[in-house]
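Thanks for coming, everyone. Please have a look at the model first.

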Amino acid sequence: MDKLEVIGGARLSGEARISGAKNAALPILAASLLAEKPVVLENVPSLNDVTTTVRLLRRIGLDIDFNGHSRIGVTPSKIERF
């Protein structure tokens, strides 16, 4: 499709919030294991995969601030070394 043409009497306006991509959020969460400083992810989708990954990372010692919405803060300083 080269273009989308909207024909009508009223001009369109408004806002649409687009959620982030799970396929980007999950690898970034995994990569936060290697970070030396806190990592903040914004616009993260609220999906079971994200929640499960957060729970897994908490179990190995990451300090994660996540309330089930679109922002996740990760502090990797307390990782348990095996």
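**Helix pair, sheet and core**

Let me start with the two helices. Helix α1 (residues 22–31) and helix α2 pack at an angle of about 5°, with axes 10 Å apart. That makes α1 roughly parallel to α2.

Now the ground rules. This is a predicted model, in which local features need pLDDT of at least 70 and side-chain atom pairs count only at pLDDT 80 or more, while totals for chains, interfaces and linings use all residues. Residues are numbered from 1 along each chain as its sequence is written, and side-chain values use heavy atoms, with hydrogens and water left out.

Helices (H or I, at least four residues) and strands (E, at least two) are DSSP runs, numbered from the N terminus. Axes are lines fitted to C-alpha atoms, for helices over the stretch in contact, and angles run from 0 to 180 degrees between N-to-C directions. Under 35 degrees counts as roughly parallel, over 145 as roughly antiparallel, 65 to 115 as roughly perpendicular, and the rest as oblique.

Which residues make the helix contact? From α1 come Lys22, Leu26 and Leu29. From α2 come Asp49, Val50, Thr53, Val54 and Leu57. Contact here means heavy atoms within 4.5 Å. The residues of this contact divide into 5 nonpolar, 1 polar and 2 charged.

Take Thr53. It lies in α2, which spans residues 48–59. Is Thr53 buried or exposed? Its relative accessibility is 19%, so Thr53 counts as buried. The cut-offs are under 20% relative accessible area for buried, over 50% for exposed, and partly exposed in between (1.4 Å probe, protein chains only). Leaving aside neighbours within four places in sequence, Thr53 is in contact with Leu26 and Leu29. Its C-alpha is 9.9 Å from that of Ala25, 28 residues apart along the chain.

On to the sheet. It is open, has 3 strands in the order β1-β3-β2, and pairs antiparallel. β1 and β2 stand at the edges with a single partner strand each, so one side of each has no neighbour in the sheet. The twist averages 10° from one strand to the next. Two strands pair if DSSP finds at least two bridges between them. β1 (residues 39–42) and β3 (residues 71–75) have 4 bridges. Val39 has Val74 as its bridge partner in β3, and Val40 has Gly73. α2 packs on the sheet, touching β2 and β3, and its direction makes about 150° with that of β2.

β2 (residues 63–66) is also joined to β3 by 4 bridges. Asp63 stands opposite Thr75. The hairpin of β2 and β3 has 4 residues between the strands, and there Gly68 takes a positive phi near 90°.

Next, the largest nonpolar core: 14 residues. Such a core is a set of buried Ala, Val, Leu, Ile, Met, Phe, Trp, Tyr and Cys residues joined through side-chain atoms within 4.5 Å. Leu29, Val50, Val54, Ile64, Ile72 and Val74 touch the most other members. The largest share, 3 residues, comes from α2.

Last, Asn43. This residue sits in the loop between β1 and α2. Its phi is positive, about 65°, although Asn43 is not a glycine. With a relative accessible area of 31%, Asn43 is partly exposed.

How values were computed:
Nonpolar A, V, L, I, M, F, W, Y, C, P; charged D, E, K, R; others polar.
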